[in-house]
Amino acid sequence: MSPDEWSAAAHLVVTDSAASYAVWSVPPQIRYARSGSVNIAYQIAGAGTVDLLMIPGWVTHLALDWHEPRWVGWFERMTAFARIIRFDKRGTGMSDRPLGIPTADERMADALAVMDAAGVARAHVLGWSEGGPLGVMVAATYPERVQSLTLYGTQARFTRGDDYPFGEEESEDYFGELERDCFIQLPGSAHAPWLGDAERFCTEVEHFVTGVRPVEREPGAVRTILHCDIVGSTALAVSLGDERWSELLADYDTSADLAVGAHGGRVVDRTGDGFMAAFEGPVGAIRAARRLQQEAQELDLQVRAGLHIGEVREEGGLLRGIAVHVAARVMSEAQGGEILVSETVRDVVAGANLSFSDRGARELKGIEGQRRLFAVTVESDGR
């Protein structure tokens, strides 16, 4: 593509100046596209009105990425307006790992093979970090397949060449002028697009690929917060010894992850033998707590749980807000094997085939006023 053609093409470059939503209970299916003799792993997610091909940085993993809460939050925001096609580049993640270093043509062929397998004739393309140069090459070589190109945290090449003097001290002023003239600049120093101000990044990309600037989103979201911990964990750890306690705690953590994930939640924080999880609704949270308690009994552990529902804000992958503290204080009032909920939760789940026992009004440490608490006594069979 000539300089004139490039300047006329639709493209957006987002840089870093110094560069919550629905929870996925089950990640999208991992599929494979055939590129020559190599199998390229890819996923399709979202039901947006536009197709967006993500070309990642130097390493990704289609299965393990879902364990990073900040990545999940960013990805969910992107799928709010686009159908996302993402893939592990050859040699990384769940794609085949052939010997040798792939050529540029092979990398382009891999991206096109994924598009073909996904049934996408033309797509918006997002390339970040090492994926940026590949995005540029695909757009320049196959313009009929690329509707627009968005670049983030990248450069044309990663080493200086005779035709690419940028990065040298004498070129910094010129390069800075180019950035100010044609780049959208985001605050912060995060290199990955899901770190830093992910919402601002997603807003700019959504505006670019759809032509419509989204309405500013409210900073908080209503979530059900579940806190759990093991009763008598300190004494138990002393009696078992470090090695056996570590093994037991690992088994418990696995059970917690499975219970939470099976009911549409995600673990957002861990402290010792305790954890906090977030759910869209309280019924799933109650059922997750009950399942965990049942599985913990098989490990000879007693788990107590506390729930509250309210508005929270996500900051750096963690949840903040009074609802988080209330849920923790509710849990502190529970006995082993008991699930306590706030009156707010009890009211929200009315009609959900759940029964409760009134535990009376309690003074919760650090929380103004008394709060009436209820213990879950009967759970429906649909868990």
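Biologist: Is the crossing of α8 and α9 right-handed or left-handed?

Modeller: The crossing of α8 and α9 is right-handed. A crossing is right-handed if the near helix is turned clockwise from the far one by less than a right angle, and left-handed if anticlockwise. This is a predicted model, in which local features need pLDDT of at least 70 and side-chain atom pairs count only at pLDDT 80 or more, while totals for chains, interfaces and linings use all residues. Residues are numbered from 1 along each chain as its sequence is written, and side-chain values use heavy atoms, with hydrogens and water left out.

Biologist: At what angle do helix α8 and helix α9 pack?

Modeller: Helix α8 (residues 242–262) packs against helix α9 (residues 282–298) at about 150 degrees, and the axes are 8 Å apart. Because angles over 145 degrees count as roughly antiparallel (under 35 is roughly parallel, 65 to 115 roughly perpendicular, the rest oblique), α8 is roughly antiparallel to α9.

Biologist: Which residues make the contact?

Modeller: With contact meaning heavy atoms within 4.5 Å, α8 contributes Y252, S255, A256, L258, A259, V260 and A262, and α9 contributes A288, R291, L292 and E295. The contact residues divide into 8 nonpolar, 1 polar and 2 charged. Here Ala, Val, Leu, Ile, Met, Phe, Trp, Tyr, Cys and Pro count as nonpolar, Asp, Glu, Lys and Arg as charged, and the others, Gly among them, as polar.

Biologist: What makes D300 exposed?

Modeller: The relative accessible area of D300 is 69%. Exposed means over 50%, buried under 20%, and partly exposed in between, with a 1.4 Å probe and protein chains only, so D300 is exposed. D300 is found in the loop between α9 and β12 (303–315), and its phi is near 65 degrees, a positive value in a residue other than glycine.

Biologist: Why is N353 called exposed?

Modeller: N353 has 59% relative accessibility and therefore counts as exposed. N353 lies in the loop between α11 (343–348) and β15 (355–363). Its phi is positive, at about 60 degrees, although N353 is not a glycine.

Biologist: How do you know that S37 is exposed?

Modeller: S37 has a relative accessible area of 61%, so S37 is exposed. S37 lies in the loop between β2 (31–35) and β3 (38–45). The C-alpha atoms of S37 and D96 are separated by 9.3 Å, the two residues being 59 residues apart along the chain.

Biologist: What share of the protein is buried?

Modeller: Buried residues make up 45% of the 383 residues.

Technical notes:
Axes fitted to C-alpha atoms, helices over the stretch in contact; angles between N-to-C directions. Helix = DSSP H or I, 4+ residues; strand = E, 2+ residues; numbered from the N terminus.
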